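Subject: Structure for you to look at

Hello,

Here is the structure I promised to pass on. Please open it and keep it beside this email as you read.

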Amino acid sequence: MFEMLWPLFGVIIGILILLVLIIYFKINTFIALIMTSVVTGILLGMPLDKIIETIETGIGSTLGHIALIFGLGAMLGKLLSDGGGATQIADTLVTKFGQRYVQWAMVIASFIIGVALFFEVGLVLLIPLVFTIAKRMKISQLQIGLPMVTALSVTHGFLPPHPGPVVIAQALHADIGQVLLYGFIVAIPVTLISGPLFVKIAPHLSQSAFHREGDISSLGATRSFKPEELPSFKTSVFTALLPVILMLIATVWQLITGHEKQPTHFIESLVYFVGTAGTAMLIAVLFAIYSMGLHMKRSMSDIMDSVTQAITPIGMMLLIIGGGGAFKQILIDGGVGKTIEYFFVDAHISPLILAWLVAALLRLALGSATVAAISTTGIILPLLETSDVNAALVVLAIGAGSVFCSHVNDAGFWMFREYFGLTIKETFLTWSMVETIISVSGLICVYLLSLFV
(Lines give C-alpha, C1' and ligand atoms only; values in the text may rest on other atoms or scores of the structure.)
Protein backbone atom coordinates (compact mmCIF):
# COMPACT_ATOMS: atom_id res chain seq x y z
CA MET A 1 0.00 0.00 0.00
CA PHE A 2 2.84 2.39 0.87
CA GLU A 3 4.34 1.86 -2.59
CA MET A 4 1.04 2.89 -4.13
CA LEU A 5 0.71 5.95 -1.90
CA TRP A 6 4.30 7.14 -2.22
CA PRO A 7 3.81 8.95 -5.58
CA LEU A 8 1.10 11.08 -3.93
CA PHE A 9 3.43 11.89 -1.05
CA GLY A 10 6.12 12.73 -3.59
CA VAL A 11 3.79 15.23 -5.31
CA ILE A 12 2.86 16.83 -1.98
CA ILE A 13 6.53 17.16 -1.00
CA GLY A 14 7.32 18.59 -4.44
CA ILE A 15 4.56 21.21 -4.18
CA LEU A 16 5.73 22.17 -0.69
CA ILE A 17 9.27 22.60 -2.02
CA LEU A 18 7.93 24.78 -4.85
CA LEU A 19 6.04 26.95 -2.36
CA VAL A 20 9.11 27.38 -0.16
CA LEU A 21 11.33 28.28 -3.14
CA ILE A 22 8.88 30.88 -4.48
CA ILE A 23 7.46 32.39 -1.28
CA TYR A 24 10.30 32.10 1.24
CA PHE A 25 13.43 32.24 -0.93
CA LYS A 26 11.84 34.49 -3.58
CA ILE A 27 13.31 32.39 -6.40
CA ASN A 28 12.08 33.04 -9.95
CA THR A 29 9.07 30.82 -10.73
CA PHE A 30 10.66 29.19 -13.79
CA ILE A 31 13.85 28.27 -11.92
CA ALA A 32 11.76 27.05 -8.96
CA LEU A 33 9.66 24.84 -11.26
CA ILE A 34 12.74 23.24 -12.82
CA MET A 35 14.35 22.65 -9.40
CA THR A 36 11.09 21.17 -8.12
CA SER A 37 10.79 18.95 -11.18
CA VAL A 38 14.26 17.52 -10.58
CA VAL A 39 13.62 16.86 -6.87
CA THR A 40 10.17 15.39 -7.55
CA GLY A 41 11.63 13.10 -10.22
CA ILE A 42 14.17 11.81 -7.68
CA LEU A 43 11.45 11.31 -5.05
CA LEU A 44 9.35 9.35 -7.55
CA GLY A 45 12.27 7.01 -8.22
CA MET A 46 12.94 8.03 -11.80
CA PRO A 47 16.38 7.09 -13.22
CA LEU A 48 18.70 10.07 -12.83
CA ASP A 49 19.68 10.03 -16.49
CA LYS A 50 16.01 10.30 -17.50
CA ILE A 51 15.00 13.27 -15.34
CA ILE A 52 16.49 16.07 -17.47
CA GLU A 53 15.37 14.28 -20.62
CA THR A 54 11.80 14.22 -19.23
CA ILE A 55 12.01 17.92 -18.31
CA GLU A 56 13.16 18.78 -21.84
CA THR A 57 10.33 16.70 -23.29
CA GLY A 58 7.81 18.45 -21.06
CA ILE A 59 9.03 21.93 -22.00
CA GLY A 60 9.24 21.08 -25.69
CA SER A 61 5.82 19.42 -25.97
CA THR A 62 4.16 22.28 -24.09
CA LEU A 63 5.81 25.23 -25.80
CA GLY A 64 5.89 23.54 -29.20
CA HIS A 65 2.13 23.88 -29.37
CA ILE A 66 1.46 27.03 -27.40
CA ALA A 67 4.31 29.32 -28.49
CA LEU A 68 2.73 30.01 -31.89
CA ILE A 69 -0.76 30.72 -30.51
CA PHE A 70 0.51 32.59 -27.46
CA GLY A 71 2.88 34.78 -29.50
CA LEU A 72 0.33 35.62 -32.18
CA GLY A 73 -2.29 36.25 -29.49
CA ALA A 74 -0.02 38.77 -27.79
CA MET A 75 0.55 40.52 -31.12
CA LEU A 76 -3.18 40.68 -31.87
CA GLY A 77 -3.89 42.17 -28.45
CA LYS A 78 -1.16 44.78 -28.77
CA LEU A 79 -2.28 45.79 -32.27
CA LEU A 80 -5.85 46.12 -31.02
CA SER A 81 -4.68 48.24 -28.10
CA ASP A 82 -2.24 50.50 -29.97
CA GLY A 83 -4.60 50.90 -32.92
CA GLY A 84 -7.41 52.20 -30.71
CA GLY A 85 -9.72 49.24 -31.31
CA ALA A 86 -10.02 48.29 -27.63
CA THR A 87 -10.73 51.91 -26.69
CA GLN A 88 -13.39 52.17 -29.40
CA ILE A 89 -15.16 49.00 -28.23
CA ALA A 90 -15.30 50.16 -24.60
CA ASP A 91 -16.25 53.78 -25.36
CA THR A 92 -19.00 52.84 -27.82
CA LEU A 93 -20.67 50.30 -25.55
CA VAL A 94 -20.56 52.59 -22.50
CA THR A 95 -22.09 55.41 -24.55
CA LYS A 96 -24.81 53.18 -26.04
CA PHE A 97 -25.83 51.57 -22.74
CA GLY A 98 -25.81 54.79 -20.71
CA GLN A 99 -25.35 55.24 -16.96
CA ARG A 100 -28.18 52.93 -15.93
CA TYR A 101 -26.67 49.89 -17.66
CA VAL A 102 -23.02 50.88 -17.53
CA GLN A 103 -22.07 47.65 -15.68
CA TRP A 104 -23.49 45.56 -18.50
CA ALA A 105 -21.66 47.72 -21.03
CA MET A 106 -18.38 47.14 -19.20
CA VAL A 107 -18.98 43.39 -18.98
CA ILE A 108 -19.64 43.09 -22.72
CA ALA A 109 -16.71 45.35 -23.64
CA SER A 110 -14.33 43.51 -21.29
CA PHE A 111 -15.52 40.13 -22.60
CA ILE A 112 -14.88 41.09 -26.22
CA ILE A 113 -11.54 42.69 -25.39
CA GLY A 114 -10.66 39.81 -23.06
CA VAL A 115 -10.95 37.29 -25.89
CA ALA A 116 -8.08 39.02 -27.70
CA LEU A 117 -6.04 40.44 -24.78
CA PHE A 118 -4.38 38.49 -21.97
CA PHE A 119 -5.66 39.23 -18.46
CA GLU A 120 -2.89 41.57 -17.28
CA VAL A 121 -2.91 43.53 -20.55
CA GLY A 122 -6.69 43.92 -20.51
CA LEU A 123 -6.60 45.00 -16.87
CA VAL A 124 -4.01 47.71 -17.47
CA LEU A 125 -5.87 48.89 -20.57
CA LEU A 126 -9.36 49.05 -19.05
CA ILE A 127 -8.71 50.30 -15.50
CA PRO A 128 -8.11 53.94 -16.58
CA LEU A 129 -11.44 53.79 -18.45
CA VAL A 130 -13.15 52.39 -15.33
CA PHE A 131 -11.82 55.26 -13.22
CA THR A 132 -12.84 57.86 -15.82
CA ILE A 133 -16.41 56.52 -16.13
CA ALA A 134 -16.81 56.20 -12.35
CA LYS A 135 -15.74 59.83 -11.87
CA ARG A 136 -17.95 61.08 -14.69
CA MET A 137 -21.02 59.21 -13.42
CA LYS A 138 -20.21 59.75 -9.72
CA ILE A 139 -20.40 56.08 -8.80
CA SER A 140 -18.06 53.66 -7.04
CA GLN A 141 -15.04 52.49 -9.01
CA LEU A 142 -15.69 48.91 -7.87
CA GLN A 143 -19.22 48.97 -9.27
CA ILE A 144 -17.66 49.05 -12.73
CA GLY A 145 -14.32 47.46 -11.87
CA LEU A 146 -15.70 44.16 -10.56
CA PRO A 147 -17.71 43.33 -13.71
CA MET A 148 -14.65 44.30 -15.76
CA VAL A 149 -12.22 41.94 -13.98
CA THR A 150 -14.87 39.22 -13.98
CA ALA A 151 -15.12 39.19 -17.76
CA LEU A 152 -11.34 39.28 -18.16
CA SER A 153 -10.88 36.42 -15.69
CA VAL A 154 -13.56 34.26 -17.31
CA THR A 155 -12.05 34.62 -20.79
CA HIS A 156 -8.61 33.92 -19.28
CA GLY A 157 -9.77 30.70 -17.65
CA PHE A 158 -12.14 29.24 -20.26
CA LEU A 159 -11.43 30.49 -23.77
CA PRO A 160 -8.62 29.91 -26.28
CA PRO A 161 -6.32 31.53 -27.34
CA HIS A 162 -5.49 32.15 -23.67
CA PRO A 163 -2.55 29.98 -22.52
CA GLY A 164 -4.34 27.89 -19.87
CA PRO A 165 -7.13 26.43 -22.07
CA VAL A 166 -4.76 25.98 -25.02
CA VAL A 167 -2.13 24.09 -22.99
CA ILE A 168 -4.72 21.90 -21.25
CA ALA A 169 -6.43 21.09 -24.56
CA GLN A 170 -3.11 20.10 -26.08
CA ALA A 171 -2.15 17.90 -23.13
CA LEU A 172 -5.53 16.15 -23.03
CA HIS A 173 -5.77 15.86 -26.84
CA ALA A 174 -9.03 17.81 -26.81
CA ASP A 175 -10.40 19.51 -29.90
CA ILE A 176 -9.63 23.19 -29.37
CA GLY A 177 -12.63 24.21 -31.46
CA GLN A 178 -14.93 22.28 -29.13
CA VAL A 179 -13.19 23.86 -26.14
CA LEU A 180 -13.95 27.26 -27.65
CA LEU A 181 -17.58 26.43 -28.49
CA TYR A 182 -18.39 24.85 -25.11
CA GLY A 183 -16.28 27.53 -23.44
CA PHE A 184 -18.60 30.25 -24.75
CA ILE A 185 -21.66 28.30 -23.58
CA VAL A 186 -20.16 28.14 -20.09
CA ALA A 187 -18.49 31.56 -20.03
CA ILE A 188 -21.58 33.66 -20.74
CA PRO A 189 -23.72 32.56 -17.74
CA VAL A 190 -20.66 32.45 -15.48
CA THR A 191 -19.80 36.05 -16.42
CA LEU A 192 -23.35 37.23 -15.74
CA ILE A 193 -23.50 35.45 -12.36
CA SER A 194 -20.07 36.59 -11.20
CA GLY A 195 -20.23 40.10 -12.65
CA PRO A 196 -23.38 42.26 -12.68
CA LEU A 197 -25.34 39.93 -10.36
CA PHE A 198 -22.59 39.60 -7.75
CA VAL A 199 -22.04 43.39 -7.74
CA LYS A 200 -25.55 43.77 -6.32
CA ILE A 201 -24.55 41.59 -3.34
CA ALA A 202 -20.90 42.67 -2.91
CA PRO A 203 -21.61 46.01 -1.12
CA HIS A 204 -23.35 44.05 1.65
CA LEU A 205 -20.19 41.95 2.14
CA SER A 206 -17.80 44.90 2.29
CA GLN A 207 -19.48 48.28 2.16
CA SER A 208 -16.24 50.16 2.87
CA ALA A 209 -14.61 48.75 -0.28
CA PHE A 210 -17.14 50.59 -2.45
CA HIS A 211 -16.14 53.93 -0.92
CA ARG A 212 -12.42 53.55 -1.65
CA GLU A 213 -10.55 55.71 -4.15
CA GLY A 214 -8.06 53.77 -6.23
CA ASP A 215 -4.68 54.87 -7.53
CA ILE A 216 -3.44 54.07 -11.03
CA SER A 217 -0.49 56.46 -11.08
CA SER A 218 1.84 53.45 -11.34
CA LEU A 219 0.47 52.80 -14.82
CA GLY A 220 1.93 56.06 -16.04
CA ALA A 221 0.33 58.19 -18.72
CA THR A 222 -2.26 56.34 -20.74
CA ARG A 223 -2.52 56.89 -24.44
CA SER A 224 -5.53 58.92 -25.53
CA PHE A 225 -7.02 58.92 -29.01
CA LYS A 226 -8.80 61.63 -30.95
CA PRO A 227 -12.12 60.49 -32.50
CA GLU A 228 -10.64 60.56 -36.00
CA GLU A 229 -7.77 58.29 -34.85
CA LEU A 230 -10.10 55.48 -33.82
CA PRO A 231 -11.19 52.63 -36.12
CA SER A 232 -14.91 51.95 -36.43
CA PHE A 233 -16.72 49.91 -33.77
CA LYS A 234 -17.62 47.13 -36.22
CA THR A 235 -14.05 46.85 -37.46
CA SER A 236 -12.71 46.76 -33.90
CA VAL A 237 -15.09 44.01 -32.77
CA PHE A 238 -14.49 41.98 -35.93
CA THR A 239 -10.72 42.23 -35.47
CA ALA A 240 -10.92 41.14 -31.83
CA LEU A 241 -13.21 38.19 -32.54
CA LEU A 242 -11.83 37.08 -35.93
CA PRO A 243 -9.80 34.09 -34.61
CA VAL A 244 -12.79 32.98 -32.56
CA ILE A 245 -15.10 33.25 -35.59
CA LEU A 246 -12.75 31.20 -37.78
CA MET A 247 -12.30 28.45 -35.18
CA LEU A 248 -16.04 28.29 -34.45
CA ILE A 249 -16.90 27.98 -38.16
CA ALA A 250 -14.64 24.93 -38.46
CA THR A 251 -16.01 23.38 -35.25
CA VAL A 252 -19.67 23.88 -36.18
CA TRP A 253 -18.95 22.44 -39.65
CA GLN A 254 -17.42 19.36 -38.01
CA LEU A 255 -20.39 18.92 -35.68
CA ILE A 256 -22.90 19.28 -38.53
CA THR A 257 -21.15 16.97 -41.01
CA GLY A 258 -19.80 14.49 -38.46
CA HIS A 259 -16.45 14.49 -40.29
CA GLU A 260 -14.40 15.25 -37.18
CA LYS A 261 -11.46 12.95 -37.86
CA GLN A 262 -10.64 13.97 -41.42
CA PRO A 263 -12.09 16.10 -44.23
CA THR A 264 -13.77 14.43 -47.19
CA HIS A 265 -13.14 17.05 -49.91
CA PHE A 266 -11.05 20.15 -50.67
CA ILE A 267 -13.53 22.75 -49.33
CA GLU A 268 -13.76 20.87 -46.06
CA SER A 269 -9.96 20.65 -45.87
CA LEU A 270 -9.74 24.40 -46.41
CA VAL A 271 -12.33 25.11 -43.69
CA TYR A 272 -10.46 22.89 -41.22
CA PHE A 273 -7.12 24.45 -42.15
CA VAL A 274 -8.37 28.01 -41.67
CA GLY A 275 -10.11 27.00 -38.44
CA THR A 276 -6.97 25.54 -36.89
CA ALA A 277 -5.92 27.68 -33.93
CA GLY A 278 -2.51 28.62 -35.35
CA THR A 279 -3.87 29.48 -38.79
CA ALA A 280 -6.80 31.44 -37.36
CA MET A 281 -4.48 33.48 -35.14
CA LEU A 282 -2.10 34.21 -38.04
CA ILE A 283 -4.97 35.39 -40.26
CA ALA A 284 -6.29 37.57 -37.42
CA VAL A 285 -2.88 39.18 -36.87
CA LEU A 286 -2.46 39.88 -40.60
CA PHE A 287 -5.93 41.43 -40.69
CA ALA A 288 -5.15 43.49 -37.57
CA ILE A 289 -1.99 44.82 -39.23
CA TYR A 290 -4.31 46.26 -41.86
CA SER A 291 -7.38 47.21 -39.80
CA MET A 292 -5.53 48.59 -36.75
CA GLY A 293 -2.52 49.83 -38.68
CA LEU A 294 -2.35 50.51 -42.41
CA HIS A 295 -6.05 51.40 -42.64
CA MET A 296 -5.52 53.95 -39.84
CA LYS A 297 -2.58 55.52 -41.74
CA ARG A 298 0.04 54.12 -39.36
CA SER A 299 3.45 53.45 -40.86
CA MET A 300 4.64 49.86 -41.17
CA SER A 301 7.59 50.58 -38.87
CA ASP A 302 5.17 51.84 -36.19
CA ILE A 303 2.99 48.75 -36.61
CA MET A 304 5.99 46.44 -36.34
CA ASP A 305 7.09 48.28 -33.19
CA SER A 306 3.75 47.25 -31.65
CA VAL A 307 4.36 43.66 -32.73
CA THR A 308 7.86 43.66 -31.21
CA GLN A 309 6.68 45.26 -27.96
CA ALA A 310 3.98 42.58 -27.67
CA ILE A 311 6.52 39.77 -27.49
CA THR A 312 8.95 41.24 -24.94
CA PRO A 313 6.63 41.00 -21.87
CA ILE A 314 5.60 37.38 -22.53
CA GLY A 315 9.12 35.92 -22.64
CA MET A 316 9.19 34.99 -18.95
CA MET A 317 5.57 33.82 -19.07
CA LEU A 318 6.49 31.39 -21.85
CA LEU A 319 9.33 30.02 -19.73
CA ILE A 320 7.02 29.63 -16.73
CA ILE A 321 4.50 27.77 -18.88
CA GLY A 322 7.33 25.58 -20.12
CA GLY A 323 8.43 24.97 -16.52
CA GLY A 324 4.86 23.95 -15.71
CA GLY A 325 4.99 21.55 -18.64
CA ALA A 326 8.21 20.06 -17.28
CA PHE A 327 6.62 19.47 -13.87
CA LYS A 328 3.58 17.94 -15.57
CA GLN A 329 5.76 15.52 -17.55
CA ILE A 330 7.64 14.48 -14.40
CA LEU A 331 4.30 13.65 -12.76
CA ILE A 332 3.23 11.61 -15.80
CA ASP A 333 6.50 9.69 -16.25
CA GLY A 334 6.90 9.32 -12.47
CA GLY A 335 3.70 7.30 -12.23
CA VAL A 336 1.54 9.75 -10.28
CA GLY A 337 -1.30 9.37 -12.73
CA LYS A 338 -1.35 5.59 -12.27
CA THR A 339 -1.77 6.07 -8.53
CA ILE A 340 -4.67 8.45 -9.07
CA GLU A 341 -6.18 5.98 -11.53
CA TYR A 342 -5.80 3.11 -9.02
CA PHE A 343 -7.71 4.97 -6.31
CA PHE A 344 -10.39 6.63 -8.44
CA VAL A 345 -11.07 4.32 -11.38
CA ASP A 346 -13.82 2.50 -9.45
CA ALA A 347 -14.87 5.50 -7.39
CA HIS A 348 -18.24 7.10 -8.03
CA ILE A 349 -16.82 10.58 -8.57
CA SER A 350 -17.11 12.37 -11.88
CA PRO A 351 -13.77 12.97 -13.66
CA LEU A 352 -14.98 16.56 -14.14
CA ILE A 353 -15.30 17.10 -10.39
CA LEU A 354 -11.97 15.38 -9.73
CA ALA A 355 -10.24 17.54 -12.36
CA TRP A 356 -11.75 20.69 -10.86
CA LEU A 357 -10.79 19.64 -7.32
CA VAL A 358 -7.14 18.93 -8.19
CA ALA A 359 -6.83 22.21 -10.12
CA ALA A 360 -8.48 24.17 -7.28
CA LEU A 361 -6.14 22.69 -4.66
CA LEU A 362 -3.08 23.43 -6.80
CA ARG A 363 -4.36 26.96 -7.43
CA LEU A 364 -4.69 27.53 -3.67
CA ALA A 365 -1.16 26.22 -3.15
CA LEU A 366 0.68 27.69 -6.14
CA GLY A 367 -1.18 30.91 -6.95
CA SER A 368 -0.62 30.76 -10.71
CA ALA A 369 -3.74 29.64 -12.58
CA THR A 370 -1.72 28.53 -15.61
CA VAL A 371 0.79 26.45 -13.62
CA ALA A 372 -2.05 24.89 -11.59
CA ALA A 373 -3.90 23.96 -14.79
CA ILE A 374 -0.85 22.45 -16.49
CA SER A 375 0.15 20.45 -13.40
CA THR A 376 -3.39 19.07 -13.09
CA THR A 377 -3.23 17.50 -16.54
CA GLY A 378 -0.21 15.42 -15.49
CA ILE A 379 -2.11 14.07 -12.51
CA ILE A 380 -5.45 13.15 -14.09
CA LEU A 381 -4.45 12.24 -17.67
CA PRO A 382 -4.29 8.43 -17.12
CA LEU A 383 -7.71 8.50 -15.44
CA LEU A 384 -9.27 10.04 -18.55
CA GLU A 385 -8.03 7.15 -20.67
CA THR A 386 -10.44 4.85 -18.82
CA SER A 387 -13.34 7.32 -18.98
CA ASP A 388 -15.66 8.32 -21.80
CA VAL A 389 -16.03 11.92 -20.60
CA ASN A 390 -15.69 14.62 -23.27
CA ALA A 391 -12.09 15.91 -23.14
CA ALA A 392 -13.18 19.46 -24.01
CA LEU A 393 -15.36 19.54 -20.90
CA VAL A 394 -12.45 18.32 -18.77
CA VAL A 395 -10.41 21.25 -20.13
CA LEU A 396 -13.14 23.63 -18.95
CA ALA A 397 -13.43 21.91 -15.56
CA ILE A 398 -9.68 22.31 -15.03
CA GLY A 399 -9.94 25.92 -16.22
CA ALA A 400 -12.68 26.55 -13.65
CA GLY A 401 -10.62 24.99 -10.87
CA SER A 402 -7.51 26.94 -11.86
CA VAL A 403 -9.11 30.32 -11.05
CA PHE A 404 -10.44 29.23 -7.64
CA CYS A 405 -10.04 31.70 -4.74
CA SER A 406 -7.13 33.90 -5.77
CA HIS A 407 -5.33 35.05 -2.62
CA VAL A 408 -2.01 36.42 -1.39
CA ASN A 409 0.19 34.10 -3.49
CA ASP A 410 -1.36 35.34 -6.76
CA ALA A 411 -0.12 38.48 -8.53
CA GLY A 412 -3.68 39.30 -9.63
CA PHE A 413 -4.72 39.65 -5.97
CA TRP A 414 -2.11 42.35 -5.35
CA MET A 415 -2.75 44.14 -8.66
CA PHE A 416 -6.46 44.41 -7.86
CA ARG A 417 -5.77 45.54 -4.28
CA GLU A 418 -3.30 48.26 -5.29
CA TYR A 419 -5.28 49.66 -8.22
CA PHE A 420 -8.54 49.94 -6.26
CA GLY A 421 -6.92 51.04 -2.98
CA LEU A 422 -8.40 48.21 -0.88
CA THR A 423 -7.34 46.59 2.38
CA ILE A 424 -6.43 42.90 2.31
CA LYS A 425 -9.75 41.98 3.96
CA GLU A 426 -11.68 44.00 1.38
CA THR A 427 -9.71 42.34 -1.42
CA PHE A 428 -10.68 38.92 -0.08
CA LEU A 429 -14.35 39.94 0.06
CA THR A 430 -14.36 41.31 -3.50
CA TRP A 431 -11.63 39.93 -5.77
CA SER A 432 -11.17 36.53 -4.06
CA MET A 433 -14.94 36.11 -3.80
CA VAL A 434 -15.41 36.87 -7.50
CA GLU A 435 -12.76 34.33 -8.48
CA THR A 436 -14.38 31.70 -6.25
CA ILE A 437 -17.84 32.34 -7.74
CA ILE A 438 -16.37 32.07 -11.26
CA SER A 439 -14.76 28.76 -10.34
CA VAL A 440 -17.75 27.13 -8.63
CA SER A 441 -20.38 28.38 -11.09
CA GLY A 442 -18.06 27.33 -13.91
CA LEU A 443 -17.92 23.77 -12.57
CA ILE A 444 -21.72 23.68 -12.21
CA CYS A 445 -22.23 24.89 -15.79
CA VAL A 446 -19.67 22.40 -17.16
CA TYR A 447 -21.32 19.55 -15.26
CA LEU A 448 -24.78 20.52 -16.53
CA LEU A 449 -23.40 20.75 -20.08
CA SER A 450 -21.92 17.24 -19.73
CA LEU A 451 -25.47 15.89 -19.38
CA PHE A 452 -26.18 16.92 -22.99
CA VAL A 453 -22.88 16.38 -24.87
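First, the ground rules. This is a predicted model, in which local features need pLDDT of at least 70 and side-chain atom pairs count only at pLDDT 80 or more, while totals for chains, interfaces and linings use all residues. Residues are numbered from 1 along each chain as its sequence is written, and side-chain values use heavy atoms, with hydrogens and water left out.

Helices here are DSSP runs (H or I, at least four residues), numbered from the N terminus.

**H6 and H7**

Start with helix H6 (residues 119-137) and helix H7 (residues 141-158). They pack at an angle of about 160°, with axes 9 Å apart. Axes are lines fitted to C-alpha atoms over the stretch in contact, and angles run from 0 to 180 degrees between N-to-C directions. That makes H6 roughly antiparallel to H7 (the term applies to angles over 145 degrees). Nonpolar covers Ala, Val, Leu, Ile, Met, Phe, Trp, Tyr, Cys and Pro; charged covers Asp, Glu, Lys and Arg; the others, Gly among them, are polar.

**H11 and H12**

Next, find helix H11 (residues 266-275) and helix H12 (residues 277-291). Their axes come within 5 Å and cross at roughly 70°. H11 and H12 are therefore roughly perpendicular (65 to 115 degrees). Phe273, Val274 and Gly275 in H11 meet Ala277, Thr279, Ala280 and Ile283 in H12. This contact of H11 with H12 has 5 nonpolar, 2 polar and no charged residues.

**H14**

Helix H14 (residues 315-333) has 19 residues. From first C-alpha to last, H14 reaches 27 Å, close to the 27 Å expected at 1.5 Å a residue. The expected span is 1.5 Å times one less than the number of residues. Gly335 follows H14, and its phi is positive, near 90°.

**Two residues**

Thr376 lies in helix H17 (residues 369-384). At 0% relative accessibility, Thr376 counts as buried (under 20% relative accessible area, with a 1.4 Å probe and protein chains only). Not counting residues up to four places away in sequence, Thr376 touches Ala355, Val358, Ala359, Leu362 and Ile398.

Pro196 is in helix H9 (residues 176-205). At 1% relative accessibility, Pro196 also counts as buried. Pro196 and Pro147 are 49 residues apart in sequence and 5.9 Å apart in space, C-alpha to C-alpha.

Best wishes

Conventions: Helices (H or I, at least four residues) and strands (E, at least two) are DSSP runs, numbered from the N terminus. Angles under 35 degrees count as roughly parallel, over 145 as roughly antiparallel, 65 to 115 as roughly perpendicular and the rest as oblique. Contact means heavy atoms within 4.5 Å. Buried means under 20% relative accessible area, exposed over 50%, partly exposed in between (1.4 Å probe, protein chains only).
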